[in-house]
Amino acid sequence: ESEVMKVAQIGLGKIGSILAEHLMNDSTVDLSVYDKDIDRLGAFPDAAARSESVAAASKGCDFFLVSLPDPTAARMAMFADDGILASAVPGVTILDLSTIDPQTAREIHQKASALGVHYVEAPISGGEPMSAGTEGAKNRNVTFMAGGDAVGFERAKPLMEKLGRFPIHVGPAGMGATVKLISNYISGLHNVVAAEAFVLGKAAGIDAKLLFDVFKHTDANSYWLFNYFAPRIEQRNFEPGFSVDLQYKDLRLADELARELKVPMPLNAAAIQVYQTLRAVGRGTKDVVEVANLVAEMAGQESYLLSK
């Protein structure tokens with residue numbers, strides 16, 4: 001169906017700006033954008049309807065597409081007097097791609113439902129070559145872990161299909177956030193393990209390239225190792241991607257969830273300290289693979305990366 005969908009996008013961060021670019025170049029989408037950061041708005045191509053407020057962006061829209069960095073930003077955008085729920089009219093669908101905590105997702109869903117507004121929380125992740133973080137958003141091959149009611153999911157599906165490959169309904173509101181936090185817990189730990197392992201190899205006099213060649217054919221093989229960690233280490237690319245700050249935030253949210261559900265997660269506690277250490281020395285904006293540099297420096301193996 002070629003009917004034009006009117007989308008109001010709130011949030012033009014690293015991922016948000018990539019998604020907005022896709023939608024702007026889609027003839028079946030009428031896009032308006034808003035970000036409280038004027039610089040981000042100003043950097044946006046003229047073709048987009050840059051709006052001065054959430055209310056202005058949302059006039060006559062069918063969808064809100066929300067992409068914000070954390071629960072605090074999401075709550076502010078949703079609940080403010082001039083925010084999303086204040087501007088949303090009954091029948092509108094909110095597709096929220098922010099990674100937030102399950103409780104916040106449930107709360108937003110409850111308030112949206114009371115207003116006759118469909119709320120779907122659908123944090124994204126990628127699990128195919130070069131599909132994590134910003135690469136996944138650029139290549140449109142991300143997975144949406146969607147929490148909400150079935151009606152909302154079906155309504156949001158056409159928009160998800162424009163931006164990624166796998167919209168998966170994982171349960172009621174809060175479950176999208178839960179599944180995303182578990183996914184990022186696993187990848188966040190894979191990253192620390194890979195960093196420690198390769199520095200250990202370097203300290204023992206084994207080149208990273210050799211380890212990669214061997215591990216393709218051993219139990220050490222994983223998506224994270226070969227499609228995220230290896231390419232970035234080989235290219236010495238430490239720009240996100242997925243930042244240390246965001247990984248730290250997600251592990252902390254996973255920790256809160258684990259405490260609430262009384263699940264012991266000692267490895268998560270250790271990983272949180274690793275990412276916190278990077279933040280403490282001013283490297284929170286680097287890509288998560290920066291962990292490898294930290295471990296190398298602590299071990300006196302600074303030049304451990306692939307020799308050029």
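This is a predicted model: local features need pLDDT of at least 70, side-chain atom pairs count only at pLDDT 80 or more; totals for chains, interfaces and linings use all residues.

Reader: Which residues of α9 and α13 make the contact?

Author: On the α9 side, look for Y185, G188, L189, N191 and V192. From α13 come L267, N268, A271, V274 and Y275. Sort the residues of this contact by type and you get seven nonpolar, three polar and no charged.

Reader: How do I describe two packed helices?

Author: The general idea is to give the angle between their axes and the distance between the axes. Here, helix α9 covers residues 175-203 and helix α13 covers residues 266-280. Their axes come within 10 Å and cross at roughly 65°.

Reader: What span should α13 have, and how far apart are its end C-alpha atoms?

Author: Count 1.5 Å a residue: the 15 residues of α13 should span 21 Å. The end C-alpha atoms of α13 are 21 Å apart, so the two agree.

Reader: Which residues of α13 are buried?

Author: Buried means under 20% relative accessible area. In α13, that applies to N268, A271, I272, V274, Y275 and L278. These residues lie on the same side of α13, because they cover an arc of only 160° around the axis.

Reader: What do the buried residues of α13 pack against?

Author: They pack against α9, and also against α12 (244-260) and α14 (290-298).

Reader: Let's zoom in on one residue of α12. Is L251 buried or exposed?

Author: L251, which lies in helix α12, has 0% relative accessibility, so it counts as buried. Setting aside residues up to four places away in sequence, L251 touches N184, Y185, N268, A271, I272 and Y275. Now compare chain and space: L251 and A177 are 74 residues apart along the chain, and their C-alpha atoms are separated by 12 Å.

Reader: And S87, buried or exposed?

Author: S87 sits in helix α5 (residues 84-87). Its relative accessible area is 18%, so S87 is buried, given the cut-off of under 20%. Skip its neighbours within four places in sequence, and S87 is in contact with V54, A55, S58, F64 and D82.

Conventions:
Residues are numbered from 1 along each chain as its sequence is written. Side-chain values use heavy atoms; hydrogens and water are left out. Axes are lines fitted to C-alpha atoms, for helices over the stretch in contact, and angles run from 0 to 180 degrees between N-to-C directions. Helices (H or I, at least four residues) and strands (E, at least two) are DSSP runs, numbered from the N terminus. Contact means heavy atoms within 4.5 Å. Ala, Val, Leu, Ile, Met, Phe, Trp, Tyr, Cys and Pro count as nonpolar, Asp, Glu, Lys and Arg as charged, and the others, Gly among them, as polar. The expected span of a helix is 1.5 Å times one less than its number of residues. Buried means under 20% relative accessible area, exposed over 50%, partly exposed in between (1.4 Å probe, protein chains only). The arc is that of the directions from the helix axis to the C-beta atoms.
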